[in-house]
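User: Could you walk me through this model before I start setting anything up?
Analyst: Gladly; let us look at it together.

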Amino acid sequence: MKLNLDVNTLIDTLAERLRDDPIMGKAPCMVGIRTGGVWIAERLHAALGLEMPLGVLDISFYRDDFSRVGLNPTVRPSDIPWDVEGSRIILVDDVLYTGRTIRAALNELFDYGRPDEVLLTTLVERPGCRELPICAKYVGATVNCDQAVKLSGPEPLELNIVERKAEVA
Amino acid sequence: MALVERDIQLDEHKRLKHLLTLEGLKAHHLTEILDLAETFFDANGELRKVPLLRGKTIMNVFFEPSTRTRTTFEIAEKRLSADVVNLNIATSATKKGESLQDTLWNLQAMGADMFVIRHADSGAAHFFARQVAEGVHVLNAGDGRHAHPSQALLDMFTIRKHKGDIYDLKVAIVGDILHSRVARSQIQALSILGAREIRVIGPRTLMPSCPEALGVHVYHDMDAGLEDVDVVIMLRLQNERMSGARLPSEKEFFRLYGLTEQRLERAKPDAIVMHPGPINRGVEIDSAVADGPRSVILDQVTNGIAVRMAIMAVIFSNAARHPQEDAS
Amino acid sequence: MKLRIDNARLLDPARQSDRIGSLCVQGNRIVACGEAPDDFTPDEVIDADGLWLIPGLVDLQARLGEPGDRSAGTVASETRAAAAGGITTLCVPPDTVPVADNPAVPELIRRRARQAGNAFVLPIGALTQGLDGERLAPLNALKQAGCIAASQANRPIRNTQTLRNALEYAASHAMPLIFKPMDADLAADGVAHDGAVASRLGLPGIPTSAETAALAQLLVLMEETGARVHISGLTSRRAVEMIERARTRGVQVSCDVAVHHLHLSENDLMDFNPLFRVHPPLRTPDDQQALRQGLKFDLIDAITSDHTPLNADDKALPFPQAKPGISGVETLLNLTLRLVEDGTLTLLQALRKLTVAPAEILGIEAGTLAPGGRASFFLFDPDRHWTVTPETMLSAGRNTPFAGWEFEGQVVATWFQGKPVFNRLNG
């Protein structure tokens, strides 16, 4: 079921707020989390006209539920085409839910090096379901915690309400 | 009776539980490992360390000395963040006193999640797989003349990297096929992945009695065997083959089967040369070829780590996955 | 003590006899088979309606684990298992620990057998000291101590001159010889038939020529020396053909096959199960077929269990290190009767190869229901269904590859020299 939210409008809002953030003056790099986060990041990266190429994180190897659900069969390598050490990073994901994906992404980033700053932005947030002390600086929209949402894309980008059992953490 | 009973290396969903041999596996079992191995390399072609197997204990139990293989396994395990225990057990120590079974059960009680085992007897990996508790995995790092699946998988990885696809390739394996667990596993891997032709080249004294059972074409003439092949795999010749009248001398072997630049002319112009190592220069391969542009021998070593990481990741992943999630 | 068993199907291959009737036993002798004499007044009568009555089986090759070095089984335990399998006479190969190369060993075995009283146990003496294949053992002394024959068990004689001398010496003292043809160098460290399966699994192979080369050598030496040799444990088509040819040339040679070679082949090794490790090795399905045909056309005289009870530890090893052998006395009869079920052998022919044929090879009076003979026989219920379960085996060695095999018909009671030694009639 399609959610009554226009993704492009949300991305525009996020881009606008990021443009006013002090991080923009410090030559930031951007990283999208596979898969949905990358789609959002690609748009944001273009809208903000960032100089450094977009980085891509596949957090499959860093998930904390490997010993329960095994490996994501579609795992692909992460690609961070610049030095993480000392960088300022805008981390982009589609949905912020339990916070576990962001925990995994931060761990992976830190395995590459020590960034000076990491800023989190997500398209949608489901507050009240957080299991880890993680919050995003900029959020496009907020939905009810009992409403599981999933981004489909890349063309067109759409937010859908998904069945409970197919929900991703 | 059935030729093969239920494969003990597969679980009830026919997914890898142990890796004992490639025989009986399907192409998807192999490509899953090969594909995953690629993801362990970052954009710069370097192997990353990932926290996938944090908290898992892997024991490298080597009943037969091998620094090289053990080291690549150890690096692979550490890159997966597993806890690694190395045990070199001289066979003589197990022959008297503690039985092999007791040794294994003791190690298992110490909390092993996986055993990487090398043993001088064909079938030893099957033996251990039958003895371990449910949930403990066995990875065969070479048993007698039987199998060395991780080596063969890394060779397939290397071939795929250089040749795109195994399918449609002509591959020649040269040397002591009879005593080679590497050759047996390579032949199985190549035939599972659909290689067009698998040739083995060597004298009959170094061939198994029924090569046709392996699905290979036998050549006793090196030049004819190399004609038009895409991949040449040279096997290491062990010194002890000179006794028992299997071969007259290393010199004669090199003259008949040694890989030289000139001989390599017979193969396709873009043919690659492989060797599981360590190489005997001037016995099975000429230095000019081993160090030449078509040799991918050193490449094999790095790939070995990634492929071994992938094997272990797949086995633990299969064990973790709940059966009902199979449908998706 | 007088016993009469009525209404049994009396199967006596020695006399080609298959009829319903009564068997009368007085003391340790059979006094009548067929019609019970009017003046026979039994103390006990058994109604064996629906049951078969068969002479006690004669097994040319059964290890009893005694004397032994931490081996499984004793003369008592294994003869009891044998009785449960209908066997009342068995020959023990000399590869005991210590080796049966001096009178003490066969004397010990016979004493233990008398104490157990389950079966007639015939030790086979070692042909060479310590079975080393080099120095002759005291064959005459062994014969005096009760050895029925001399053999090298599974250890071949490498030196052909020594072999020839051994044949000559045995012949001059009328000591029958039993040989398992196996060329030591061709067999070397092999553990499986050198064929397709060993090629695939990388198991060190024993080529068929290890058997045929040794057999050829034996046949030639037999012809030249006139020694009487029984060939034990044939495994290959080629060997059966060689026996056939030797016989047409007039060489007097008898031979047997181990029962597992009639049912198993190299294909059974595919998952390295050590229970399938035997020596000589399981060969191809074609060889298996040839052995069955060899029995059918009476080129092969007898079937043995090649019983080798082993400890669990001896099999709990990787295939090449596991000890070869099968605990076989309890399955010998049923596995043989399978060849009757599939039409290879007639019932009397099959029983003949387990009774009177091996008795004739040994030159002993056994394996018949003829009046005057020893009352060793058993009752068999052809309708009794059973499944091989290692846990319930009577042998101390549970090393059977036949676990889970289902059989129609089972031994229900066994008498040895007139004495009941086994009974599951009411169990």
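**Chain B: a working chat**

Analyst: Let me begin inside the chain, where the buried residues of α5(B) pack against α4 (100-109), β3 (114-119) and β4 of chain B; please keep in mind throughout that this is a predicted model.

User: Which residues of α5(B) are buried?

Analyst: They are B:A124, B:A125, B:H126, B:F127, B:F128 and B:A129. Helix α5 of chain B covers residues 124-131, and since six of its eight residues are buried, the helix is largely enclosed by the rest of the structure.

User: OK, stepping back, how many helices and strands are there in chain B?

Analyst: Chain B contains twelve helices and nine strands.

User: How is chain B divided into domains?

Analyst: Domain 1 of chain B takes in 27-148 + 302-327, while domain 2 takes in 149-296. The C-alpha centres of these two domains lie 26 Å apart, and the contact between them draws 19 residues from domain 1 and 19 residues from domain 2.

User: Which elements give two or more residues to the domain 1 side?

Analyst: On the side of domain 1 of chain B that touches domain 2, those elements are α1 (27-39), β4 (137-143) and α12 (297-320). By class, that side has nine nonpolar, seven polar and three charged residues.

User: Is the crossing of α1(B) and α6(B) left-handed or right-handed, and which residues make the contact?

Analyst: The crossing is right-handed. From α1(B), the contact uses B:L30, B:I33, B:L34 and B:A37, and from α6(B) it uses B:L153, B:M156, B:F157 and B:R160.

User: How do the residues of that contact divide by class?

Analyst: The contact of α1(B) with α6(B) has seven nonpolar residues, no polar ones and one charged.

Methods:
Residues numbered from 1 in each chain as written. Chains lettered and ligands numbered in written order. Predicted model: local features only at pLDDT ≥ 70, side-chain atom pairs only at ≥ 80, totals over all residues. Helix = DSSP H or I, 4+ residues; strand = E, 2+ residues; numbered from the N terminus. Domains from an automatic or database assignment. Contact = placed C-beta atoms within 7 Å. Nonpolar A, V, L, I, M, F, W, Y, C, P; charged D, E, K, R; others polar. Left-handed = near helix turned anticlockwise from the far one by under 90°. Buried ≥ 20, exposed ≤ 12 C-beta atoms within 10 Å, placed from the backbone.
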